[in-house]
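I opened this model to look up a few loops, helix pairs and cores. My entries follow in the order I made them.

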Amino acid sequence: MVSVAYRLGVLGFLHLSHLPDGKNYPDAQNLGLMDQLKALKWVHENIAAFGGDPDNVTLMGESAGGGSVTSLSLVKGSHQYFNKVIALSGNPGLSTSTEEAIATTNELMEALDCKTVADLQKVDAQKLVGVATELLPLRLAPERDGNFLPRNPWEAIANGAVKDITFLHGVNKDEMNFFLVGMGGPEPFNEWAADRQAKKLALMTDEEKALAESFCSDVKGESYEPYCKWLSQLMFNAPCLRLSEEQTKAGGKSYTYYFTVESALPLKKSCHGIALAPLFKHPDLQGDTGREFDETFSKTMRKMWAQFAKTGNPSLSAEISPDGKAKEWPLYDLKDRQVMVFDEFNIHSEKESQRNIVDWDRTYFLTKYYGF
């Protein structure tokens with residue numbers, strides 16, 4: 001396994017070319033992805049010296065990393081460096097348009113009292129990162145600039161841009177609960193979520209608004225739950241299923257999963273990031289779970305990921321399965337839309353309709369509005 005460093009947040013994804021002295025920075029909005037591409041080139045040229053196979057490389061990322069690895073598959077010329085992608089709770093919809101990127105930069109420039117790139121370069125780096133982090137949560141992302149990345153990733157995937165890449169990807173049952181807790185609980189989360197939802201609704205037709213409002217009104221429970229469910233659909237569930245749909249229609253392969261194991265911590269449930277704990281078996285990751293997961297479950301999950309990286313198929317024979325029972329992971333298909341469900345004591349395949357991962361009538365269309 002090779003891990004790479006790259007420019008994050010404001011340092012890797014800030015649009016600058018529209019500023020008075022910004023013409024010398026035409027790629028600033030995607031420097032983070034370009035760093036990753038350089039790292040993949042290095043792996044391709046050097047991994048054999050470490051015992052690796054440059055012709056059998058799998059990219060893996062979670063959250064923004066899932067957005068990165070799926071977006072990298074859309075970069076022209078990138079497929080010479082890898083043939084498989086694992087994306088946990090991330091997709092090419094976790095990106096921004098040029099118009100949104102310019103508005104984000106302008107907001108940051110105003111907060112810093114800057115007019116030009118030269119002004120920006122005089123700002124202390126820690127202050128720059130701090131202000132951007134506080135002011136622009138979840139809004140600094142790869143830009144669909146029509147140059148490095150396509151303006152419409154779904155259209156590109158439908159047209160076969162990634163059909164030679166095999167995907168293993170999926171979502172967790174309660175993605176947005178991570179942000180509910182991370183933002184300090186229901187009150188600050190509701191304030192943020194209401195603002196994000198209002199900005200998305202303002203872009204929609206009256207019919208689409210009615211569908212969104214209908215979906216939210218059917219969600220029962222505490223004040224934050226409609227926001228959690230709706231934003232999970234916008235940012236994670238609907239894009240996940242659309243990636244599977246478009247990839248399959250184009251003749252490509254997608255192994256799709258749905259992770260349901262819950263944290264022991266209040267409010268988190270099966271939140272964003274929770275699948276990392278069993279996958280990496282790392283004590284630092286227990287902060288998202290509050291407990292250890294069943295060891296056989298965790299071993300099985302790791303074995304499937306490793307089997308996919310080795311062979312391109314995550315299915316396990318009885319001989320190599322940790323519990324001695326075969327695990328057949330079906331490819332996503334357009335008829336049954338089969339997904340692998342990761343329940344803690346019952347890893348099994350189901351039709352998507354048994355779980356209603358996406359509301360095909362009321363939330364699937366959200367993919368055209370993207371995730372931020």
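I started at Lys269, which sits in the loop between β6 (253–259) and α12 (276–280). Helices here are DSSP runs of H or I with at least four residues, strands are runs of E with at least two, and both are numbered from the N terminus. Lys269 is not a glycine, yet I read a positive phi of about 50 degrees. I noted Lys269 as partly exposed, because its relative accessibility is 30%. The cut-offs are under 20% relative accessible area for buried, over 50% for exposed and in between for partly exposed (1.4 Å probe, protein chains only).

Before going on I noted the ground rules. This is a predicted model, where local features need pLDDT of at least 70 and side-chain atom pairs count only at pLDDT 80 or more, while totals for chains, interfaces and linings use all residues. Residues are numbered from 1 along each chain as its sequence is written, and side-chain values use heavy atoms, with hydrogens and water left out.

Next I checked Asp113. This residue also has a positive phi, near 60 degrees, and is not a glycine. Asp113 lies in the loop between α4 and α5 (117–121). It is exposed, at 65% relative accessible area.

Then I looked at helix α4 itself. The axes of α4 (residues 98–112) and α6 (residues 125–135) come within 10 Å and cross at roughly 125 degrees. Axes are lines fitted to C-alpha atoms, for helices over the stretch in contact, and angles run from 0 to 180 degrees between N-to-C directions. That makes α4 oblique to α6. Angles under 35 degrees count as roughly parallel, over 145 as roughly antiparallel, 65 to 115 as roughly perpendicular and the rest as oblique. On the α4 side, Glu107, Leu108, Ala111 and Leu112 make the contact. Contact means heavy atoms within 4.5 Å. On the α6 side I listed Lys127, Leu128, Val131, Ala132 and Leu135.

α9 and α11 pack at about 50 degrees, with axes 10 Å apart. So α9 is oblique to α11 too. The α9 residues in this contact include Phe189, Trp192 and Leu201, and those of α11 include Cys228, Trp230 and Leu231.

What does α11 give to the core? I looked up the largest nonpolar core, which has 36 residues. Such a core is a set of buried Ala, Val, Leu, Ile, Met, Phe, Trp, Tyr and Cys residues joined through side-chain atoms within 4.5 Å. Among the residues that touch the most other members are Met204, Trp230 and Phe236. Elements giving two or more residues include α9 (186–201), α11 (225–249) and β7 (338–343). α11 gives the most, with 9 residues. A second, separate core has 24 residues, including Leu37 and Ile157.

Ile157 came up again at Glu246. Glu246 lies in α11. It is buried, at 9% relative accessible area. Leaving out residues up to four places away in sequence, Glu246 touches Trp154, Ile157 and Ala158.

Last, I checked the cysteines. How many disulfides does the structure hold? I found 0, a disulfide being a pair of cysteine sulfur atoms within 2.5 Å. The cysteine sulfur closest to that of Cys228 is in Cys271, 10 Å away, so too far for a bond. Cys228 is buried, at 4% relative accessibility. Cys114 is buried as well, at 8% relative accessible area.
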